[in-house]
Amino acid sequence: MLSPRAVLRYVAHTIQHAPEGGVTYEAFCTAYRCGAESGPQDEQGAAQAWALRNTGRTGHNLFRRVYTDHARVTPAE
């Protein structure tokens, strides 16, 4: 009976921001039982403006901000 054989080789890779993927910005109200969120925004100012409006309406003043980008992995040279 022949045993399976595999040849593995290590290939170094790099990961970098992929500008064509863009960046999205979101804000989440962290007040107890609020659950309000800005939803994904293409502009940072839009997510910030949402948080300011939410504070004006509710008095809540603590938010979690999330910035999401896209990354591309390529073999290192």
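Is Glu20 buried or exposed? Glu20 is exposed, with a relative accessible area of 56%. The close-ups below come from a predicted model.

**View 1. Arg72 and Glu20 form a salt bridge.** Side chains of opposite charge can pair when their charged atoms come close. Here, the side chains of Arg72 and Glu20 meet at 2.0 Å, counted from N to O. Arg72 sits in strand 4 (residues 71-75), while Glu20 belongs to the loop between strand 1 (13-17) and strand 2, so this pair ties together parts that are 52 residues apart in sequence. Arg72 is partly exposed, at 46% relative accessibility. The count for the model comes to 1 salt bridge.

**View 2. Glu26 is buried and has no salt bridge.** Look for Glu26 in strand 2, which covers residues 23-29. The nearest side chain of opposite charge to Glu26 is that of Arg64, 7.6 Å away. A salt bridge needs the nitrogen and oxygen atoms within 4 Å. Leaving aside residues up to four places away in sequence, Glu26 touches several others, including Ser38, Pro40, Ala47 and Val66.

View 3. A disulfide needs the two sulfur atoms within 2.5 Å. Cys29 counts as buried, at 8% relative accessibility, whereas Cys34 is partly exposed, with a relative accessible area of 26%. The count for the model comes to 0 disulfides.

Notes. Residues numbered from 1 in each chain as written. Predicted model: local features only at pLDDT ≥ 70, side-chain atom pairs only at ≥ 80, totals over all residues. Heavy atoms only, no water. Helix = DSSP H or I, 4+ residues; strand = E, 2+ residues; numbered from the N terminus. Buried < 20%, exposed > 50% of the residue type's maximum accessible area, 1.4 Å probe, protein only. Lys, Arg positive; Asp, Glu negative; His and termini not counted. Contact = heavy atoms within 4.5 Å.
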